[in-house]
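User: I am new to this structure and would like to learn how to read its features. Please take them in turn, with the general idea before the case.

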Amino acid sequence: MSNIVTHFFGQALTGQGIKNVYTDLMNEAKTVYLLKGAHGFHISALLQKLGDYYYDKGADIEYFYDPLFDKTIEATFVKAPYNTLFLQATNPAIEPVFIGERDHVIALDDCVDEQQLSSNTELETKQTYYEKCFNALSNAIKIHDDWEIETQKHMNWRGLDNQYAELVTNLFGQNKLAKRSTLTHRLLGTLTPAGARDTLQSITQNLERRLFIKGYPGTGKSSMMKKLAQEAANRGFDVQLVWCGLDANSIDMVILPELKFCIFDSTEPHVYFPDDNRPGDEIFDIAKHCHPTQIEEENISGIVAKYKAAIAEATHFVQLYAEEERKIREMTDNALNMEVFETQTAGLFELD
């Protein structure tokens with residue numbers, strides 16, 4: 001069977017709060033099923049079963065994971081010919097837009113015995129850890145900005161511009177496609193209770209050429225990738241923007257599916273190097289355009305220590321936050337009437 005399974009994070013814990021790609025995914029899909037209520041781990045098991053079922057029918061599958069819990073699925077995107085998204089819609093911002101046309105709500109509140117659920121004590125404790133986690137991440141972003149100031153002092157921007165121009169010529173030549181570009185969005189990774197995690201190998205499994213950007217913070221990696229994405233779109237190529245898991249405004253990867261190509265930031269916290277078994281892998285070195293003096297290097301060392309401390313603090317609080325969230329989800333699962341749950345979700349396995 002030639003169909004493909006790809007793994008992504010559906011949400012990222014960033015310095016600007018939680019970022020998710022679910023509205024973007026809804027806009028990609030032909031049909032959307034929003035699973036509302038019964039927010040426990042049984043939803044993840046259902047989403048896995050749906051993926052397995054439609055994979056066996058020949059569809060490519062994309063799984064989108066919860067950053068708090070290992071192997072816990074928040075969404076399953078069944079690709080062509082179904083183009084159907086199954087989404088755990090617990091986020092109040094995720095609501096149906098085209099009700100009865102594209103979007104269908106599966107209400108699962110009736111599956112849960114509310115009397116079995118406890119007081120709001122866990123919710124209050126969870127909220128405290130949530131706020132402390134994102135305060136630490138916000139601080140990490142500010143420290144990272146200080147890091148960028150030090151590296152930018154000695155950046156040869158003209159050298160980067162020339163390197164970028166060579167890349168554009170190498171990638172596209174004079175080619176333009178006679179169609180409009182399609183833009184999609186994904187996440188590369190996120191902070192989790194186990195530290196920073198990503199799914200790069202899964203995301204890039206079917207690409208033939210991968211460029212690994214090596215360079216200092218603040219030296220134009222994200223800006224260059226956004227510029228490349230716009231150039232590709234102007235030429236009619238489809239573009240997938242893969243967003244950073246710490247800074248919600250930053251790009252960590254650009255994928256051009258029609259060229260089977262990607263370019264990505266392969267520095268901390270997602271350090272990767274070319275694979276000898278993949279001939280299309282190569283380093284895209286922009287560090288050669290930046291030469292901080294000893295003074296800047298010493299300043300950077302101090303900044304890096306503060307940055308790592310802020311990330312460690314955020315990781316500690318996301319661990320505590322996840323522990324409280326786990327209690328709440330397990331209580332929900334214990335209060336779930338599985339017979340009613342399975343009856344209400346049975347129709348999801350009967351798509352045309």
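**Pockets, rings and one glycine**

Analyst: Two or more residues of the lining of the second largest pocket come from each of β1 (5-9), β5 (61-65), β9 (183-187), α5 (200-203) and β13 (239-243). Helices (H or I, at least four residues) and strands (E, at least two) are DSSP runs numbered from the N terminus. The model is predicted: local features need pLDDT of at least 70, side-chain atom pairs count only at pLDDT 80 or more, and totals for chains, interfaces and linings use all residues. Residues are numbered from 1 along each chain as its sequence is written, and side-chain values use heavy atoms, with hydrogens and water left out.

User: How is a pocket found, and what is the volume of the second largest pocket?

Analyst: Rolling a probe the size of a water molecule over the atoms shows where empty space is left. On a 1 Å grid over the protein atoms alone, a pocket is an open set of points where a 1.4 Å probe fits, with protein on both sides within 12 Å along at least five of seven lines; lining residues have an atom within 4 Å of a point. Points are joined across faces, edges and corners, and a volume is the space filled by probe spheres set on them. Here the second largest pocket has about 590 Å³. Its lining has 23 residues, with T6, E62, Q240, I255 and P257 nearest the centre.

User: Which residues are closest to the centre of the largest pocket?

Analyst: The largest pocket has a volume of about 950 Å³. Among its 39 lining residues, H144, L246, E268, P269 and Y307 are closest to the centre. Helix α3 contributes the most to this lining, with 6 residues. By class, the lining holds 14 nonpolar, 14 polar and 11 charged residues. In this scheme Ala, Val, Leu, Ile, Met, Phe, Trp, Tyr, Cys and Pro are nonpolar, Asp, Glu, Lys and Arg are charged, and the others, Gly among them, are polar.

User: How many aromatic pairs are there, and how is a pair read?

Analyst: Rings of Phe, Tyr and Trp (its six-membered ring) pair if their centres lie within 6.5 Å; planes under 30 degrees apart are stacked, over 60 edge-to-face, and the rest tilted. This structure has 14 such pairs. One of them is F8 with F64, stacked at 5.2 Å centre to centre and 10° between the planes. F8 is in strand β1 and F64 in strand β5, so the pair ties together parts 56 residues apart in sequence.

User: Are F8 and F64 buried or exposed?

Analyst: Buried means under 20% relative accessible area, exposed over 50%, and partly exposed in between (1.4 Å probe, protein chains only). F8 is buried at 2%, and F64 is buried at 0%. Another pair, Y53 and F349, is edge-to-face, at 5.4 Å centre to centre and 85° between the planes. Y53 is partly exposed at 32%, and F349 is partly exposed at 21%.

User: Which residue lies over the face of F8?

Analyst: A charge sits over a ring if NZ of Lys or CZ of Arg is within 6 Å of the ring centre and within 35 degrees of the ring normal. R186 lies over the face of F8, 5.3 Å from the ring centre. The charged end of K19 sits over the ring of W243, 4.4 Å from its centre.

User: What is G195 in contact with, leaving aside its neighbours within four places in sequence?

Analyst: Contact means heavy atoms within 4.5 Å. With those neighbours left aside, G195 is in contact with T190 and T315. G195 lies in strand β11 and is buried, at 13% relative accessibility.
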